[in-house]
Amino acid sequence: LVLELVTLPRDVIIRKGTRRDVDGYSAFFDNGRLHATGLHERLQAEGVSRLLVTGLATEYCVLWTVRDAVRLGYQVWVVADAIHGMAGPEEAAALAEMAALPGVLLLTSEQVISAAAAWPHVNMLALAADHEDVYRP
């Protein structure tokens, strides 16, 4: 997706959408919520409570990931200039839905960078809600 993105030996690759019988938009579960990806367990083990969510497409993978993250009790920062949708009414509806969810903030990358600069240490995940999600502990 991005040539400059290099995975490191400590990175964990979360594979989703691997079942033929059901779609898997969320980074946490398949669309039937029958099979988990293992991401939630990894995050709990690391003590992560806040997620940064980026990716494609806003009204599918990003929205489903944000919904599940909220259900699982995470604070979610959606990096609005680092997501992209299919450019229709569904994208606008997805943005509105995410903005209305408890614990969700829609921020720009500049706002995230400014906020992060003030933190001495934080357990946070940068999550790309695409076919494979890279978790950087």
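**Charges, rings and a buried histidine**

Me: Which residue lies over the face of Phe29?
Reply: The model is a predicted one. A charge sits over a ring only if, among other conditions, it is within 6 Å of the ring centre. At 4.2 Å from the ring centre of Phe29, the residue over its face is Arg33.

Me: Over the ring of which residue does the charged end of Arg67 sit?
Reply: The distance from the charged end of Arg67 to the ring centre is 5.6 Å. The ring belongs to Trp64.

Me: How many aromatic pairs are there?
Reply: Ring centres have to lie within 6.5 Å for a pair. By this rule the count is three.

Me: Is the pair of Tyr25 and Trp64 stacked or edge-to-face?
Reply: The two ring centres are 5.4 Å apart, and the angle between the planes is 80°. Planes over 60 degrees apart count as edge-to-face. The pair of Tyr25 and Trp64 is therefore edge-to-face.

Me: How many residues apart are Tyr25 and Trp64?
Reply: Tyr25 is in the loop between β1 and α1, while Trp64 is in helix α2. Their pair links distant parts of the chain, and the separation is 39 residues.

Me: Is His40 buried or exposed?
Reply: His40 is part of helix α1, residues 39–46. Leaving out residues up to four places away in sequence, His40 touches Phe28, Leu72 and Tyr74. Its relative accessible area is 15%. Buried means under 20%, so His40 is buried.

Note on methods:
Residues are numbered from 1 along each chain as its sequence is written. This is a predicted model: local features need pLDDT of at least 70, side-chain atom pairs count only at pLDDT 80 or more; totals for chains, interfaces and linings use all residues. Side-chain values use heavy atoms; hydrogens and water are left out. Helices (H or I, at least four residues) and strands (E, at least two) are DSSP runs, numbered from the N terminus. Buried means under 20% relative accessible area, exposed over 50%, partly exposed in between (1.4 Å probe, protein chains only). Contact means heavy atoms within 4.5 Å. Rings of Phe, Tyr and Trp (its six-membered ring) pair if their centres lie within 6.5 Å; planes under 30 degrees apart count as stacked, over 60 as edge-to-face and the rest as tilted. A charge sits over a ring if NZ of Lys or CZ of Arg is within 6 Å of the ring centre and within 35 degrees of the ring normal.
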